[in-house]
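Please show me the structure. I would like to walk through it with a few questions.

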Amino acid sequence: MAALLRTPLSSGIQFASRVSDVESIDTPFGKSMIVINDRRMKQSRSLSAGLIVRGSDQSKRGHVAKASQESDIQPTTLADNKLAARGQAIDGLEVLKNRFHKFKESDYLANSDYYKKLAQGQDPKYFIVACCDSRVCPTKILGIQPGEAFTVRNIANLVPPYEHGPSETTSALEFAASLPLIRDILVIGHSKCGGINALMQNDGDYGERIEGWLSVAKSARLTTKAAYGYLNFDKQCQHCEMESVNSSLLNLLTYPWIEKKVNEGKLNLHGGYYNFIDCSFEYWTLDYRQELEGGSKYGFKNHSVWR
Ligand SMILES: [Zn+2]
């Protein structure tokens with residue numbers, strides 16, 4: 001039972017319960033937007049274009065009831081726009097249905113040989129760990145195609161150490177040992193990470209499932225506090241968003257098959273940091289060898305920023 005309490009899935013559901021009370025409101029521009037009431041995240045500003053976070057103001061709740069008659073979702077595809085142009089409401093699942101049919105027509109059927117081959121089995125080249133955050137979509141920002149990456153998403157894109165016990169992330173990493181073509185593992189952190197914000201707050205206000213999961217990155221919080229405790233809280237969080245990625249890279253080395261392959265030069269461990277405020281992607285590689293000079297077994301190399 002204790003292991004269940006620490007899984008990223010249970011912490012993700014608990015975290016999602018805080019991103020609650022979705023409402024539609026009329027904006028000064030005459031369009032609907034989605035508003036999220038959340039007593040913690042209200043401190044943390046705008047979530048993304050089209051999303052506003054605000055406090056406990058209940059005055060707009062009436063719009064929830066209207067959402068089924070009046071579209072509360074911005075049309076984002078051609079098919080959505082056609083529906084909107086005809087004045088038809090677009091409910092959430094209708095949007096997904098339209099998008100699925102569009103994918104089938106323009107991608108699946110147009111590349112049927114590729115998808116038939118995928119149906120025989122997968123041989124991904126990458127293993128990716130990314131955050132549950134809805135703004136961070138590794139397949140979108142890195143152009144990853146179906147079949148290319150074995151992917152795990154959890155709160156704050158954490159990798160627990162091998163001895164942590166069963167979790168979605170550890171089981172995915174175990175499974176990846178049987179995928180011979182994986183040569184690169186990429187842990188992707190990101191700007192304005194709510195999970196890292198909660199980790200840095202460390203005030204026990206998020207409940208045991210979230211706190212238990214975030215404890216995986218406790219060392220990143222302590223390192224950040226020691227090195228950057230003099231900065232304001234937002235800056236500390238930014239540093240911790242990257243520090244936690246490094247913590248996860250080192251935790252990857254506690255998996256025997258990963259440590260062995262890295263040592264043999266058959267597997268590379270990379271850190272990534274997607275900043276969706278200025279749309280940049282920072283990238284670096286863990287340099288690990290058992291006999292690395294200088295006393296330390298690891299360092300970092302290949303640091304670059306994609307703009
Ligand atoms: Zn995050």
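Questions and answers on this model follow.

Guide: This is a predicted model, where local features need pLDDT of at least 70, side-chain atom pairs count only at pLDDT 80 or more, and totals for chains, interfaces and linings use all residues. Residues are numbered from 1 along each chain as its sequence is written.

Visitor: What is the mean pLDDT of the chain?

Guide: pLDDT is the predictor's confidence in each residue, from 0 to 100. Of the chain's residues, 69% reach 70 or more. Where pLDDT is low, the predicted coordinates should not be read in detail. The chain's mean is 80.

Visitor: Is helix α9 largely enclosed or exposed?

Guide: Helices are DSSP runs (H or I, at least four residues), and strands are too (E, at least two), numbered from the N terminus. A residue is buried if 20 or more other C-beta atoms, placed from the backbone, lie within 10 Å of its own. Among the buried residues of α9 are Ile196 and Leu199. Seven of the eight residues in α9 (194-201) are buried, so the helix is largely enclosed.

Visitor: How are α11 and α12 oriented to each other?

Guide: Axes are lines fitted to C-alpha atoms, for helices over the stretch in contact, and angles run from 0 to 180 degrees between N-to-C directions. The two axes come within 8 Å and cross at roughly 135°. Angles under 35 degrees count as roughly parallel, over 145 as roughly antiparallel, 65 to 115 as roughly perpendicular and the rest as oblique. α11 and α12 are therefore oblique.

Conventions:
Buried ≥ 20, exposed ≤ 12 C-beta atoms within 10 Å, placed from the backbone.
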